[in-house]
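Visitor: Could you walk me through a protein model, one question at a time?

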Amino acid sequence: VAPDHASTKNVMQTFQEAEQIFLQETGESLLALIQGDSRLSPKEQALKLQDTRIAQPATLALDIAIMRLLGQFGIEADMVAGHSLGEYSAAVAAGIFSFEDSLKAVSARGREMAAIQLDDSGKMASLACSADKVEELLSQIDGYAIGANKNCTSQTVVAGASQAIDDIYELAKSQGIRATKLPVSHAFHTKIVAPASIPLRNILDKLTISAPKLPINTNISGEWYPHDRDEILEILSTQLANPVEWTTQIEKLYQAGARIFIECGPQKAL
């Protein structure tokens, strides 16, 4: 169903809400960066949007805009899960926190991750193979690297120390496995970004956190969220430094009765 004028207006209102909160948190205009800043070249614009401090709240705003748009057509979730940053969007859908508080949380998440200063911030690469095959490859290289995003049986993202990721990338290609290096600032979902968890927890602790109103599944274990506030905060603050068990999550949702899966997130039109 094509969105009508009112639906489009409501999507814009979501971004305007995000704009006000982002301005308060950072002093920058989120809308200007999304819609295009005439003061920046296309390359500068792209680099700005890749900055995790901007990419995270921008992505969350789009997630929630799409979720609200679907809701206008009567499409609402029975259970939710979100991949990586998407777990924060899922938390909004589940009623764990408000859109406003979620934007404050992901702004802090991006800010604390970007603030990590290391000699080696690490790298990430996508390999067209299963997590089991990745473990086999990892056993053949030196250095710190893990399967960070277990997306499906034919795609796993590895992350870790730069040299280790370079090595597994080359090893995968030598075995005919399609491999792509990812343009990221840090090796997310590894111990490299774990220092961001403590300041993030301090910020999350100041927000209004509620027990989930819908079943929500977590990246960390593929299990369902608890209802205890401290346990929820522990998940939200440490999730960024733990692997994403996405395959397990989808299987868990299927076992719970899910048969129609709808993704609310940024994607290029094909």
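Guide: Let's begin with a definition: buried means under 20% relative accessible area, exposed means over 50%, and partly exposed lies in between (1.4 Å probe, protein chains only). This is a predicted model, where local features need pLDDT of at least 70, side-chain atom pairs count only at pLDDT 80 or more, and totals for chains, interfaces and linings use all residues. Residues are numbered from 1 along each chain as its sequence is written, and side-chain values use heavy atoms, with hydrogens and water left out.

Visitor: Is Lys123 buried, partly exposed or exposed?

Guide: The place to look is its relative accessible area, which is 31%. Buried would need under 20% and exposed over 50%. Lys123 is therefore partly exposed.

Visitor: With which residue does Lys123 form a salt bridge?

Guide: A salt bridge is a side-chain nitrogen of Lys or Arg within 4 Å of a carboxyl oxygen of Asp or Glu. For Lys123, the closest N and O atoms of the pair are 3.1 Å apart.

Visitor: Which helices hold Arg201 and Glu234?

Guide: The side chains of Arg201 and Glu234 meet in a salt bridge of 3.3 Å, N to O. This pair links distant parts of the chain, 33 residues apart. Arg201 is partly exposed at 22%, and Glu234 is partly exposed at 41%. Arg201 sits in helix α9, and Glu234 in helix α10.

Visitor: Against which helices do the buried residues of α10 pack?

Guide: Helix α10 covers residues 229-238, and Ile232, Leu233, Ile235, Leu236 and Ser237 are buried there. An α-helix has 3.6 residues a turn, so residues three or four places apart point the same way. The buried residues of α10 pack against α5 (86-93) and α9 (197-204).

Visitor: Which residue caps the N-terminal end of α10?

Guide: Look for a side-chain oxygen that lies 3.1 Å from the backbone nitrogen of Asp230. The residue with this oxygen, capping the N-terminal end of α10, is Asp228.

Visitor: How far from Glu112 is the nearest side chain of opposite charge?

Guide: Glu112 lies in helix α6 (residues 99-114). Lys and Arg count as positive and Asp and Glu as negative, while His and the chain ends are not counted. Glu112 is buried yet has no salt bridge. The nearest side chain of opposite charge is Arg111, at 4.4 Å.

Visitor: Which residues does Glu112 touch, not counting those up to four places away in sequence?

Guide: Contact means heavy atoms within 4.5 Å. With residues up to four places away in sequence left out, Glu112 touches Ala196, Pro199, Leu200 and Ile203.

Visitor: What is the relative accessibility of His189?

Guide: His189 lies in the loop between β5 (179-181) and α9. Although His189 is not a glycine, its phi is positive, about 60°. His189 counts as buried because its relative accessibility is 2%.

Visitor: Where does Ser84 lie?

Guide: Ser84 also has a positive phi, about 60°, although it is not a glycine. Ser84 is buried, with a relative accessible area of 17%. Its place is the loop between β1 (80-81) and α5.

Visitor: Is Lys213 buried or exposed?

Guide: Lys213 lies in the loop between α9 and β6. Leaving aside neighbours within four places in sequence, Lys213 is in contact with Ala94 and Gly95. Its relative accessibility is 66%, so Lys213 counts as exposed.

Definitions and conventions
Helix = DSSP H or I, 4+ residues; strand = E, 2+ residues; numbered from the N terminus. Polar contact = N/O pair within 3.5 Å; in protein donor to acceptor, adjacent residues only side chain to side chain.
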